[in-house]
Amino acid sequence: MRQKIAAGNWKMNLTLDEGLQLARYISNELDIYSDTQVILAAPYVYLKSLSDLTFPIRNLHIAAQNCHAKESGAYTGEIAIPMLKSINIEYVVIGHSERRAYFNESNAILKEKVDALIEQDMNIIFCCGEPLEVRKAEGHFDYVTEQLEASLCHLSPKQFKQVIIAYEPIWAIGTGETASPDQAQEMHAHIRSLIGEKLGREVAESTSILYGGSVKPANAQELFSMNDVDGGLVGGASLSGSSFLSIINAFS
Ligand code: PEP
C-alpha cells in the first residue's frame, strides 16, 4: 500500500504568526485517524516552532524546502541536514523547479543532496518536471527520465524507501494551468515503470508519486483518483487553511 500524501509548499510566503495560525488550523481540523499523511514545507526560520506545534500529531509533518549537502562548515547562509534533524525535521523537499531555475541547482548538485539526506536518514521529496518548450516538443518523458536517472536512480531499493517523488510540470506551477488527470497519470505511470526497471517492482509499487502544479480544491479529487497519483505537492492553494484542508480531504 502506498502512502497518500498532501504536501503544502509555502515557498517564501507568510509571517511566523500567519504560518502558525495556518498550521494550528490544519492540526485542529485534520482527521488524525486518516491514512493521509500531511506535510507542510515551510521557510527555515519557522521550522522549529512548527515542529513543536505539530509534533504530537501522527499524520502531520514539517519539511524544509531545501538543505545543503555538507554536514557543516564555511557555507555562509546555508542550512545543514544535522541542523534540521536537531529540531526534529524528518522531511526535505529538493529539486524544486524554482531552485533549479533561480539557484542553479543541477542534477549533479541534487545527487549530492540526495546522498547526504539518505545517509542522515531523512525523507526526501524529490521534484522533477519539464518546462513548456520540452512538453511542446514531446520530450517530457525523456527529460524527466534524465532528471531521475542523474540524481536518484543510483540508490539501493532499501534507500529508495526514503524517497517520495513529486512530478511538477513547470508550465503548471503557479500558472493556474493544471496538467489534465490523463497527462498526470501517463507521466506518473512512466516514472513508476522507470523505478521498476531500475530498482524492481516492489520499490516501484511502494513509492508515492505526487502531482504538483496548480492543484486546488476544484481539481484535487479527479487528479488524486488516478491510479498512479498518490497525492499532491501544493503551492498557492496550501496558503489558505480551508483550501488546503479540502485538498487533504480529496482522496476518495
Ligand atoms: C509548487 O510550488 O510546488 C506548486 C506546485 O505550486 P502551485 O500549486 O502554486 O502551482
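**Burial and an aromatic pair**

Buried means under 20% relative accessible area, exposed over 50%, and partly exposed in between (1.4 Å probe, protein chains only). Phe-224 and Phe-251 are both buried. The model is predicted, with local features needing pLDDT of at least 70, side-chain atom pairs pLDDT 80 or more, and totals for chains, interfaces and linings using all residues. Residues are numbered from 1 along each chain, and side-chain values use heavy atoms, without hydrogens or water.

Rings of Phe, Tyr and Trp (its six-membered ring) pair if their centres lie within 6.5 Å; planes under 30 degrees apart are stacked, over 60 edge-to-face, the rest tilted. The count is two aromatic pairs. One of them, Phe-224 with Phe-251, is stacked, at 4.6 Å centre to centre and 20° between the planes. Phe-224 lies in helix H11 (residues 217-224) and Phe-251 in the segment after helix H12 (241-248), so the pair ties together parts 27 residues apart in sequence. Helices (H or I, at least four residues) and strands (E, at least two) are DSSP runs, numbered from the N terminus.

**A charge over a ring**

Arg-99 lies over the face of Phe-103, 4.1 Å from the ring centre. The rule asks for NZ of Lys or CZ of Arg within 6 Å of the ring centre and within 35 degrees of the ring normal.

**Positive phi**

Lys-11, in the loop between strand E1 (5-9) and helix H1 (16-29), has phi near 50°. Lys-11 is partly exposed, at 22% relative accessible area.

Asn-88 sits between helix H3 (81-86) and strand E4 (91-94), in the loop. Its phi is near 65°. Asn-88 is partly exposed, at 48%.
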